[in-house]
Amino acid sequence: MTRAEKSGLGHVPDPAQPRQLRDALGCFATGVTVITACEAGSTTPVGITVNSFASVSLDPALVLWSAARSSLRHQHFSAAPAFAIHVLRADQAPLADRFTRRGHGFEGLDFLRNEHDVPLLDGALARFECVTEATHEGGDHTIIIGRVVRFQVGQGEPLTFFRGGYGRITALD
């Protein structure tokens with residue numbers, strides 16, 4: 001243990017042992033989203049479940065999310081001219097699971113496409129259709145900023161991610 005850790009000042013991030021940092025970051029409850037686009041240079045749909053979504057600006061309408069460079073789907077999303085962010089409802093954990101590393105993706109799933117050929121999933125709590133505004137390198141991720149060209153709002157409670165698992169929250173009245 002370092003002197004800072006012994007004195008209660010906390011831990012120093014260690015890339016060789018990321019578990020402590022991952023556990024600390026997992027204390028921040030986030031929403032769960034599915035990002036969809038097309039594979040680079042084709043119309044084949046691709047999707048990924050992420051919790052690294054945030055609003056950036058209202059004017060212009062900008063949002064961001066981060067794609068891990070270690071993901072096999074990174075190349076498609078970092079090169080995509082357009083994408084959609086689907087904020088999932090509390091009852092949509094199975095949909096989130098479809099777009100994880102071992103999920104079935106679009107196999108057997110009904111979806112529509114917008115004018116940019118981006119796959120759109122039905123029934124999300126919110127959906128943001130975006131064109132890529134910018135990408136930035138951010139450590140082991142690529143930060144993707146999208147300009148919102150259309151959005152939709154649904155009903156229900158959000159699906160959340162906290163300490164490595166799904167959850168739900170309800171609004172305080």
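These are my notebook entries on the chain shown above.

**Ground rules.** I am reading a predicted model, in which local features need pLDDT of at least 70, side-chain atom pairs count only at pLDDT 80 or more, and totals for chains, interfaces and linings use all residues. Residues are numbered from 1 along each chain as its sequence is written, and side-chain values use heavy atoms, with hydrogens and water left out.

**Overall build.** I looked up the secondary structure and found four helices and twelve strands; helices are DSSP runs of H or I with at least four residues, strands are runs of E with at least two, and numbering starts at the N terminus. The radius of gyration is 17 Å, close to the 16 Å from the globule rule for 173 residues, so the chain is as compact as a globular protein of that length. That radius is taken over C-alpha atoms, and the rule is 2.2 Å times the number of residues to the power 0.38.

**Inside.** I then checked burial: 34% of the 173 residues are buried (under 20% relative accessible area, 1.4 Å probe, protein chains only).

Next I followed an open sheet of three strands, ordered β1-β11-β12 with antiparallel pairing. Its edge strands are β1 (30-31) and β12 (165-168), each pairing on one side only. Pairing here asks for at least two bridges found by DSSP between two strands. I noted four bridges between β11 (residues 159-162) and β12. Which residue of β12 stands opposite Phe 162? I found Gly 165 there.

Definitions and conventions: Buried < 20%, exposed > 50% of the residue type's maximum accessible area, 1.4 Å probe, protein only.
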